[in-house]
Amino acid sequence: MGIIYEKENQVFHLQTKNTSYIMKVVKQKYLSHVYWGKRIHTPDMENAQLNRLIGFSAVADNEDKTYSLDFVCQEYPTGCGTDFRIPAISVVYGDGSRNVQLLYQDHQIICGKPKLPGLPAAYVEKEEEADTLIVCLADPVQKLSVELTYTAYRELDVITRSVRIMNEGEADVVLEKVLSASVDFETADYDLITLPGAWGRERHIERTTLRSGIQSIESRRGASSHQNNPFMALAAKDTTETTGAVYAFNFVYSGNFTAGVEVDQVFKARAYMGLNDYDFSWILEPGKDFQAPEVVMVYSSEGFGGMSRTMHDLYRRYLVRGRYRDEVRPILANNWEATYFDFDEDKILALAREAADLGVELFVLDDGWFGRRDNDDCSLGDWTVYREKLPDGIAGLAAKIKEYGMKFGLWFEPEMVSPDSDLYREHPDWCIHVPGRMRTECRNQLVLDLSRQEVRDYIVSTISHVLDTADIGYVKWDMNRHMTELGSAGLDSRRQKEMPHRYMLGLYEVLEKIVSSHPDVLFESCSGGGGRFDPGMLYYMPQTWTSDDTDAVERLFIQYGTSFAYPVSTMGSHVSAVPNHQAGRVTSMAMRGDVAMSGNFGYELDLLKLTEEEKEILRGQIIQYKDLRTFVPSADMYRLMSPFEGNHTAWMFVSKDGRDIFAAYFQVLCEVNPGIRRMKLTALDPEAMYEVVGEDRDYRGDELMEIGLVVDCYGDFQSRTWRLKKREG
């Protein structure tokens, strides 16, 4: 078992391959946190867990004046009691009181990992892959029970946490705050790592020193957002890419969230993550329960690289589902930047013929195929084909593209409605809105209220009809605005603050129904690019459009930052036209292709405008990527040079068996007379010989790691890639 319970001392010891997570029941009632880090033997509790009374802190027990909940490390701290730090739960009981006291009741240890009803979560395929501890706490006065669920993966250094709350009393309970994880650290001597950004500049890396008070990230937008990804990590001061301690947290949720760290008066740190209480409450009726989303927690003693590789393995093996979890993804061409809304069937077929000739395997028709969609001010919600553009319909177009030897893909934005649409005219109350308030539009659209069953049924029915009546192998599921005027005509006045979370539960219900009934369709999520790049969406769709910004230089930052938590197998990464449509920059076709190789490869440009020389470059890129996709999506990624630290970026991928290697190097601006520049590889067998494909040269592994490969790049926006194979014997 990966979970040990020492009954005499009431100690829980969760073990993964290389880590330990230890808790103890103190005074027969308080669940306290003892340790999280490298795997150790169960320690002496008197040494491992210290307690003392600090000034102006109340005692938890009048019989013991030395025990203070305001000092001791806790597992699930409560509000309005003797701990003045950030609580994990806030409740209003039927009598109006708010004091919550959760005491240990019992526990159970099981093999495997139970599912979370209605929510995405990491899973196991065999029971022996993980062990789960469920600890039951209860408020003896108010009959409120809380189950803390911990799953420890045996072969991955991952622990997941979630919380279920049960109302066992006779009156309604109002949940005002529910966090899924809270971890106390004895020291605040850490840096906080987050992935902030904006549209077109998602998931840049920010590293700040912890200070007294609260440092936090959050989204109040109704989506996990471009602005703050639901990921954070605490890192020791000396942590680098390859060495040092890292504690990482990632929220398996796609809506409003909060995460942060509080440093208290004696310089201890409390890390937390969960639902954002900004616009949240939940009326819990007697006999009902509330399930909070899951948090993934990873400890690494091998720096940020070790942290990322662990998270990548978890998400590839135990989060992404379905056929395309393990199958290679097709190389696609998307018409959007070639035509925008200005297309007809002849233009689409001309692009598709060119794509097929170059070796593309999937042709995607983006926005503009439905209703009377000639621009972005109408027709969202009316998922019927625009016959003036496509006289033979989607089924006819898909059949013609299949004749070219390609699959056909289609863009949808099912969560939105245009005020100028048949759907809105028929059901104006189906959008999120507040009566009497202006219905604010963004991109000329409103958000459908997925907290309502009839809205969810409509989306499932209309999208499924399109997928069932045409040969569609790929869907791009977009979402292009955030929530405003939060209100639902389907909820009474007491429950209006439940709407944002009910929306997410509704979205997950819709996705589960559509994805499970169309197992052969490759789904890619999108939200104005990377505005909903989170583990929750990856549970339903194995890849996400990483950013609307396809500029090769900007993508170095975006993809490097994204890789802190998410594997390249989840990143949509395409070659686009120059001058780039978002940044206006002109980069070489070679660099654009080399950057896009580190993701799910494709093209976003007008293939009919390419020169013959450019077409030959594309053919070469497609051949190269067809080789790389056999191992890169499942390989271990090593980040070698950071774009956040200089003019050069480099990363490499090593197959799980160590036999295949792909390395890439990028130079942003030319340096005059720079001298010799080398790129040192890593994670190779120092005694083995490696062939550099195409160079007719072999190098020993220790030479590649200690001396490296010479990099010759002349000019701005240059790149080099190497394909290496380990020699047998």
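I began in helix 8 (residues 499–517), where K513 and E509 sit four residues apart, so about one helical turn separates them. This is a predicted model, and in it K513 forms a salt bridge with E509, with 3.3 Å between the closest N and O atoms. How exposed is K513? K513 is partly exposed, at 37% relative accessible area. E509 also counts as partly exposed, with 25% relative accessibility.

Next I asked how many salt bridges the structure holds. The count came back as 60.

I then picked out K113 and E294, whose side chains meet in a salt bridge at 2.6 Å, N to O. K113 is in the loop between strand 6 (103–111) and strand 7 (130–139), and E294 is in strand 20 (residues 294–300), so the pair ties together parts 181 residues apart in sequence. Buried or exposed? Both K113 and E294 are buried.

Another pair I checked was D366 and K476, a salt bridge with its closest N and O atoms 3.5 Å apart. D366 lies in the loop between strand 22 and helix 5, while K476 belongs to strand 26 (residues 474–477), so this pair ties together parts that are 110 residues apart in sequence. Both D366 and K476 are buried.

I also noted a network of salt bridges that links D83, R85, D184, D264 and R270.

Last stop was helix 5 (residues 393–403), whose buried residues are G393, I394, G396, L397, A398 and I401. What covers them includes helix 4 (345–358), strand 22 (362–365) and strand 23 (407–412). Just after helix 5, I found G405 with a positive phi of about 90 degrees.

How values were computed. Residues numbered from 1 in each chain as written. Predicted model: local features only at pLDDT ≥ 70, side-chain atom pairs only at ≥ 80, totals over all residues. Heavy atoms only, no water. Buried < 20%, exposed > 50% of the residue type's maximum accessible area, 1.4 Å probe, protein only. Helix = DSSP H or I, 4+ residues; strand = E, 2+ residues; numbered from the N terminus. Contact = heavy atoms within 4.5 Å. Salt bridge = Lys/Arg side-chain N within 4 Å of Asp/Glu carboxyl O.
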